[in-house]
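Hi everyone, thanks for coming. I'd like to walk you through one structure today, so let's bring it up on the screen.

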Amino acid sequence: MGKVAVGIAVACGVAVAAAAAVVIHRRMKKPGTWTKVMEIVKDFEEKCATPVSRLRQVSDAMIVEMHAGLASEGGSKLKMLISYVDNLPNGREKGLFYALDLGGTNFRVLRLQLGGRGRGIVNQQFAEVAIPPSLMTGTSAELFDFIVAELAQFVAQEGSDFEPTPGRQRELGFTFSFPVMQTSIASGTLLKWTKGFNINDTVGKDVVAELTKSMERHGLDMRVAALVNDTVGTLAGGRFVNDDVVAAVILGTGSNAAYIERANAIPKWQGPLPRSGEMVINMEWGNFKSAHLPLTEYDLELDAESLNPGEQIYEKVMSGMYLGEIVRRVLCWLAQEAAFFGDTIPPKLKVPFILGTPAISAMHQDTSHDLKVVTNRFKETFEISNTTLKMRLVIVQICNIVATRGARLSAAGILSILRKMGRDTIKEGEKRQRTVIGMDGGLYEHYTEYRKSLESCLNELLGEELSGTIALELASDGSGIGAAVLAASHSQYLGRDD
């Protein structure tokens, strides 16, 4: 391993500290110890491998599940939920509209002034609020009352320019990024919580009704005009400015996708087909599961100890909530089996979810010659200050393995959507059709290496000619904007004079 400097603080004096340091120094110099480290890392890398052949198997399996989910309720791990959005925004929407975007540990409140044809968004204001952890496992009333109190405060701070016309309610698009069985454009029953939320008395209830009751308790005169999840919102927001947008993918705390499906390809749809002939489908792809997914013992342990064991398996290997935790678990095993950090396992290394994805992103992308960012992150997060450059290189390698696997599996999911829509081939004699997928979420936006790996893999899967017709475009806050413009396109005042 070379020289390993390990600092140990021992209250009984310098001599004892020096002796302990020598013991650890000698132990880590033993060839067998470092060999064990490399064996563990190599084994992990091999189990996380995502060659193109395997990714195509993942895509094949996902398409089978997509068809099954469209055929019947409960027929697939993929819910393939009908969104009731059959007409996407066209840029002509006009007026004052709000959005509430709830999809993780933070929520956003947004106000948009839409100018109509050719003018787009003429005024925009937002606020972001952190949700106290206790409310994520409390009661439905506690969570929605907290959210509405912040929404009411946001409205109360507005100037007179944003007062609604007398006799009219403010209208809101509600982005609710959890599995919901929608019954209309503005109602839906919560199927289950994800992303660390676990509020039992909300499950099985209409989340719009729960939000409306809280607004009534706070005296806030506002109507929910559209209920969407973040991917449907991102798709709508992207379509508002670009007619080529046909799908959306969220890569943030959690992950999901939505796309435009032919209405006659949805066997479970009841009633007359929409006039547009299309329907936006909320895939809930985080719950996808297949024997072809490259899962390791660390993933299986994480799943078993999670709030929802056996669920959201795809999400647990490629979304922002879990990447840092997978890295921590590998490091913990290195500490236990190969004395990676010395004779004892650092106490904070044992704390679940202490290592967030922003931290592994920063370490993975550390370009300093001595990996100073890794040094600092380990001091701040784990109170570990004895890492050598050789150790830090291993840490970066583990971050790379986890992020690369997640990114490439995300690319396989995007390929599945393109194949289902028939956008994965260019037929001879046909004009090239441009396809845009709206991307949103902090993982995709801020984790550059993850994003590069995803885009490179998608190009690899599509081939050079086809990849030139497919574009992934960042739609920052697309879900909030999309919810607001969907509220506009489903306003109860449509067709009336302003």
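Let me start with a question: is Asp 299 buried or exposed? Before I answer, a word on what you're looking at: this is a predicted model, where local features need pLDDT of at least 70, side-chain atom pairs count only at pLDDT 80 or more, and totals for chains, interfaces and linings use all residues. Residues are numbered from 1 along each chain as its sequence is written, and side-chain values use heavy atoms, with hydrogens and water left out.

So, Asp 299 is buried, with a relative accessible area of 6%; buried means under 20% relative accessible area, exposed over 50%, and partly exposed in between, with a 1.4 Å probe and protein chains only. Asp 299 lies in helix α7, residues 297-304. Helices here are DSSP runs of H or I with at least four residues, strands are E runs of at least two, and both are numbered from the N terminus.

Who are its neighbours? Leaving aside residues up to four places away in sequence, Asp 299 touches Pro 294, Val 317, Ile 326 and Arg 405, where contact means heavy atoms within 4.5 Å. With Arg 405 there is also a side-chain to side-chain polar contact at 2.7 Å.  A polar contact is a pair of N or O atoms within 3.5 Å; within protein, one must be able to donate a hydrogen and the other to accept it, and residues adjacent in sequence count only if both atoms are side-chain atoms.

Now over to helix α3, residues 52-71. Its buried residues include Leu 55, Val 58, Ser 59, Met 62 and Met 66. In general, an α-helix has 3.6 residues a turn, so residues three or four places apart point the same way. The buried residues of α3 pack against β10 (255-262), β11 (278-282), α8 (313-318), α12 (389-420) and α14 (448-462).

My last stop is Leu 443, in helix α13. Leu 443 is buried too, with a relative accessible area of 5%. Not counting residues up to four places away in sequence, Leu 443 touches Leu 251, Gly 252, Met 318, Ser 319, Gly 320, Leu 323, Thr 357 and Tyr 450. Pro 352 sits 91 residues from Leu 443 along the chain, and their C-alpha atoms are separated by 20 Å.

That's my tour; happy to take questions!

Conventions:
Expected span 1.5 Å × (residues − 1).
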